[in-house]
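This report concerns a single protein chain. Please examine the model shown here before reading on.

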Amino acid sequence: MWASVLLPTIVGIGFMTPIPWQENAMAAPEAETVATLPERPDSFEPVLLSRHDSMQYFKLDSVLTAAFTRGRFNGHVLYAQEGHIIYNRSFGYKNFRTKDSLSREDRFQLASTSKPFAAVAVLKLRQEGKIDIELPVKHYLPDFPHDSVTVRHLLQHRSGLPNYIYVADEHWDFRKPLTNKDITPLLKRYRPRLEFKPGSRFRYCNTNYAYLASIIEAVTDTNFASVLNSYIFEPLGMTHTFVYDYKNRQQTNLVKGYSYSRRRGFYERQPDYLDGVVGDKGIFSTAEDLFLFDRALYCEAFLNEDNLTLAFTPAKPFDEKHQQDYGLGFRVKQECNGQQIAYHHGWWKGFRTYFIHDYANQRTLIWLNNRSDVTIAPYIDFIMDFASIRPEQTEVSDIQPLPAQPLSIQPLATDIKRAESGLPDVPWRNRRESEHYGDRI
């Protein structure tokens with residue numbers, strides 16, 4: 001639940017010429033269902049339509065700049081309301097060695113935030129009558145070893161399949177890449193049994209979404225990357241998004257991922273033998289492309305109401321910790337007022353990512369990090385808390401001048417080391433309560 005009051009803002013940033021806000025600007029129109037897909041906008045610059053937007057921009061920039069200069073994250077943050085972007089900014093480096101600054105065109109590994117794309121591809125094929133999610137996986141993949149596991153079980157992480165990553169770490173030859181086609185032989189040989197009866201419980205497992213990618217390929221008779229290109233990326237104008245190909249590592253504008261250890265300091269994460277498996281991870285994208293995906297989730301020309309309802313409905317009633325509230329490709333969190341928020345996060349080999357789609361209030365938060373050692377769930381809570389404050393609750397005294405262009409900042413040499421607690425530099429209520437957007441893979 002979001003805090004009911006605003007938390008103090010971190011101040012201490014130099015500002016340049018103010019951006020004028022339009023005091024009498026018309027409110028942003030409500031999103032309407034349209035017959036065509038949303039077009040890629042000409043610009044992704046922030047649009048500040050009111051004093052309230054200005055207040056939000058100022059608070060976001062204050063908190064994020066202070067956190068970044070203390071070495072708490074490295075990446076890109078985009079926040080939008082009702083279809084217009086309020087904040088869109090990169091912080092830090094895409095390459096720590098060369099000190100190349102991040103830009104909006106730089107592509108981050110989405111890690112498990114790739115899963116919503118695999119699920120949406122399945123739902124689009126369902127919409128075309130090509131996939132029935134109630135059928136056994138074996139109907140689409142004859143070599144699949146279990147008769148009782150359905151496509152829905154995969155989508156909701158209720159299959160009982162073992163995690164292929166753990167099996168591969170123990171038995172696979174790391175010198176050669178693992179691919180989706182290798183998973184069935186691997187599991188048949190070393191983990192032939194299900195870990196629980198399909199449908200009886202929830203357990204988040206990457207194997208489920210690796211198999212979904214294989215089903216998509218079997219149904220369409222083409223590779224997973226081509227399907228996502230034709231069904232999602234190209235129609236939505238997501239020109240900076242692609243599925244990673246371990247055979248071709250020459251894609252441009254790739255952000256390097258980093259981790260931190262006391263012994264080694266910051267170190268670059270190298271390509272991994274598991275990178276050949278897709279569906280559970282493997283998509284590279286930008287915050288602006290993810291914003292286009294977010295907007296399409298309001299459009300019935302992209303997914304109809306029936307499939308969107310399926311995507312955002314948990315398999316079981318909500319629990320207090322929100323650990324099992326998983327729909328089809330999206331985690332779902334219920335607010336105290338009964339409204340629900342769909343989201344996903346990822347954590348993989350130097351990257352940590354967040355995609356939050358508040359479909360009731362049309363709020364979007366996208367946070368891409370190329371440091372996997374950071375803990376930013378408290379910042380997520382803080383942003384979603386103050387962003388929930390309505391315009392009529394905003395005090396005029398909160399309004400501050402805004403920079404014409406964000407200041408060029410780099411992490412302080414003394415603060416680039418990992419923070420022990422990973423907590424924000426603002427007071428906040430309780431760490432345990434901040435786990436709503438927890439940092440699980």
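This is a predicted model: local features need pLDDT of at least 70, side-chain atom pairs count only at pLDDT 80 or more; totals for chains, interfaces and linings use all residues.

Residues are numbered from 1 along each chain as its sequence is written, and side-chain values use heavy atoms, with hydrogens and water left out.

**Overall chain**

The protein chain contains ten helices and 13 strands; these are DSSP runs (helices H or I, at least four residues; strands E, at least two), numbered from the N terminus. Of its 441 residues, 55% are buried (buried means under 20% relative accessible area, exposed over 50% and partly exposed in between, with a 1.4 Å probe and protein chains only). Among contacts (heavy atoms within 4.5 Å) between residues at least 6 apart in sequence, 73% join residues at least 24 apart.

**Helices α5 and α6**

Helix α5 (residues 180–190) packs against helix α6 (residues 206–220) at an angle of about 125 degrees, and their axes are 9 Å apart. Axes here are lines fitted to C-alpha atoms, for helices over the stretch in contact, and angles run from 0 to 180 degrees between N-to-C directions. The angle makes α5 oblique to α6, given that under 35 degrees counts as roughly parallel, over 145 as roughly antiparallel, 65 to 115 as roughly perpendicular and the rest as oblique. On the α5 side, Asn180, Ile183, Thr184 and Leu187 meet Thr207, Ala210, Tyr211, Ala213 and Ser214 of α6. The residues of this contact comprise five nonpolar, four polar and no charged (Ala, Val, Leu, Ile, Met, Phe, Trp, Tyr, Cys and Pro count as nonpolar, Asp, Glu, Lys and Arg as charged, and the others, Gly among them, as polar).

**His357**

His357 belongs to strand β12 (residues 351–358) and is buried, with a relative accessible area of 0%. Leaving aside residues up to four places away in sequence, His357 touches Asp294, Leu297, Tyr298, Phe312, Ile341, Ala342 and Arg363. With Asp294, the His357 side chain makes a side-chain polar contact at 2.5 Å (a pair of N or O atoms within 3.5 Å; within protein, one must be able to donate a hydrogen and the other to accept it, and residues adjacent in sequence count only if both atoms are side-chain atoms).

Two residues are tabulated here.
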